[in-house]
Amino acid sequence: IPSHLHQLPLQPFSTPTLTSGGDSIVDCVDLYSQQAFYDDRLRSHKIQQRPSEIPKPVEIRKNSKWKTFEAHVSTWQCPSGSVPVRNYELTTSTSVVSTYSHEHAVVKAETSRKLYGAKGTMSVWNPTVESEGEFSLSQIWITSGNYESNNLNSIEVGWHVSPDMYQDNKPRLFIYWTSDTYNITGCYNLQCAGFIQVSDKIVLGGAISPVSTFEGNQYEITMSVWKDQKSGNWWLSLGSNHSLVGYWPAAIFANLAYAENVEWGGEIVNSQTFGRHTATRMGSGHFPDEGFGKVSYIRNLEIFDNNRFQPVQDVEVKLTDTDPRFYNIKDMFRDDWGTYIFFGGPGFSQNLDPEGGDFGEESTKSAFTIS
């Protein structure tokens, strides 16, 4: 772990305990003992307990014909004035940057407007992760700047399966940020100075359950990020009722007065451990054309403007550093789901035609697991 990402000592409020799902050990930490306050820029920061306004919802035209269910994040009720912080003693990685190839299947909002937030409701799956150093995720990116100018600022929220980080294969709520193209700043969850949590029960890094099953029940979670127009802080909430998690203070960003780009979709890491493309799955491990109940989705894509979320009208499909024979994405529109995406794929398959033919049934590969 780079020296700047080593955890600073926390001051627990109570004895470490298991979350509601029994999957994580957490400490209840005083609000002002969070990692964020070890950052010189935030030492005199006064916590904003609530955003100045809660965004107004978008009116849905009609009920969906596709039945879905709400998934839940692990929680632990901490005493007033403290927040639950997951214990990362076993963690082997805090940085998103790796030497392996990162492959993306995403859509980008096509708009000339300045962007001040984004929202989406994403299905939750438990994709196989084949090798050490790999992960699979579904998320929202809110960014300004770019790699070429080395001034990328990014806010990222979603769920991921990351055996290296959590020593298991469960889908977990995560957040990430950087203000310098992932060079020095930034980390997952509360592992370094940055994000300030205000919720006394939501666990960042907590497992999400239940998960969707192929041709079975589809479980989903809604994530919203928006810039508070008075404080300039970027808030995160979960669910349609906006359960507040916390915020990224405006002061930690070098170039995020507003976002230039918003993207939704999936990402995997390809380590090529076995001398070929990874068999790590994205989403459900199935391709978009298979349809609802079989593939991963993010629905009701929205961007934030004029203190309310607005439906996204146009998107651009982007496959980055990957091959549509491994993963793909498709954008569509319905009255009830607005603009939405189906995305994912199995990665490497024994039945892959090296000349670019169609996949057959995916082969079963031994996955990287934690016993």
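A residue counts as buried when its relative accessible area is under 20%. The model shown in these views is predicted.

**View 1. Asn 307 and its surroundings.** Asn 307 has a relative accessible area of 14%, so it is buried. This residue sits in the loop between β18 (296-305) and β19 (308-311). Its side chain makes a polar contact of 2.9 Å with the side chain of Glu 53. Apart from residues up to four places away in sequence, Asn 307 touches Glu 53, Pro 55, Lys 56 and Gln 229.

**View 2. The largest nonpolar core and Ile 142.** The largest nonpolar core holds 73 residues, and those with the most contacts inside it are Ile 140, Ile 142, Trp 248 and Trp 264. Strand β14 (residues 219-227) supplies the largest share of this core, five residues. A second, separate core has 12 residues, among them Leu 137, Met 165, Tyr 166 and Val 269. With neighbours within four places in sequence left aside, the contacts of Ile 142 include Gly 117, Ala 118, Ile 155, Val 225, Trp 234 and Val 262. Asn 153, Ser 154, Ala 259 and Asn 261 are also in contact with Ile 142. In soluble globular proteins, nonpolar side chains tend to be buried together.

**View 3. Strand β17 and its two antiparallel partners.** Strand β17 (residues 261-270) is largely enclosed by the rest of the structure, because 10 of its 10 residues are buried. Strand β6 (residues 101-109) runs antiparallel to β17 and is joined to it by eight bridges. Within this pairing, His 104 has Glu 267 of β17 as its bridge partner. Strand β8 (residues 136-144) also pairs with β17 in the antiparallel sense, over eight bridges. Here Ser 138 is the bridge partner of Gly 266 in β17.

**View 4. The disulfide of Cys 28 and Cys 78.** In the pair shown here, the sulfur atoms of Cys 28 and Cys 78 are 2.1 Å apart. The torsion about their S-S bond is about -85°, so this disulfide is left-handed. Cys 28 belongs to strand β2 (residues 25-30) and Cys 78 to the loop between β4 (72-73) and β5 (82-86); the pair links distant parts of the chain, 50 residues apart. Both cysteines, Cys 28 and Cys 78, are buried.

**View 5. The disulfide of Cys 187 and Cys 192.** The sulfur atoms of Cys 187 and Cys 192 lie 2.2 Å apart. The link is left-handed, with -90° about the S-S bond. Cys 187 is buried at a relative accessible area of 0%, and Cys 192 is buried at 10%.

View 6. Asp 305 and Arg 113 meet through their side chains at 2.8 Å, N to O. Asp 305 is buried at 15% relative accessibility, whereas Arg 113 is partly exposed at 37%. In the salt bridge of Arg 172 and Asp 168, the closest N and O atoms are 2.5 Å apart. Arg 172 is buried at 0% relative accessibility, and Asp 168 is buried at 14%. The side chains of Arg 43 and Asp 40 form a salt bridge of 2.8 Å, N to O. Arg 43 is exposed at 53%, and Asp 40 is exposed at 63%.

Conventions. Residues are numbered from 1 along each chain as its sequence is written. This is a predicted model: local features need pLDDT of at least 70, side-chain atom pairs count only at pLDDT 80 or more; totals for chains, interfaces and linings use all residues. Side-chain values use heavy atoms; hydrogens and water are left out. A nonpolar core is a set of buried Ala, Val, Leu, Ile, Met, Phe, Trp, Tyr and Cys residues joined through side-chain atoms within 4.5 Å. Buried means under 20% relative accessible area, exposed over 50%, partly exposed in between (1.4 Å probe, protein chains only). Helices (H or I, at least four residues) and strands (E, at least two) are DSSP runs, numbered from the N terminus. Contact means heavy atoms within 4.5 Å. Two strands pair if DSSP finds at least two bridges between them. A disulfide is a pair of cysteine sulfur atoms within 2.5 Å. A polar contact is a pair of N or O atoms within 3.5 Å; within protein, one must be able to donate a hydrogen and the other to accept it, and residues adjacent in sequence count only if both atoms are side-chain atoms. A salt bridge is a side-chain nitrogen of Lys or Arg within 4 Å of a carboxyl oxygen of Asp or Glu.
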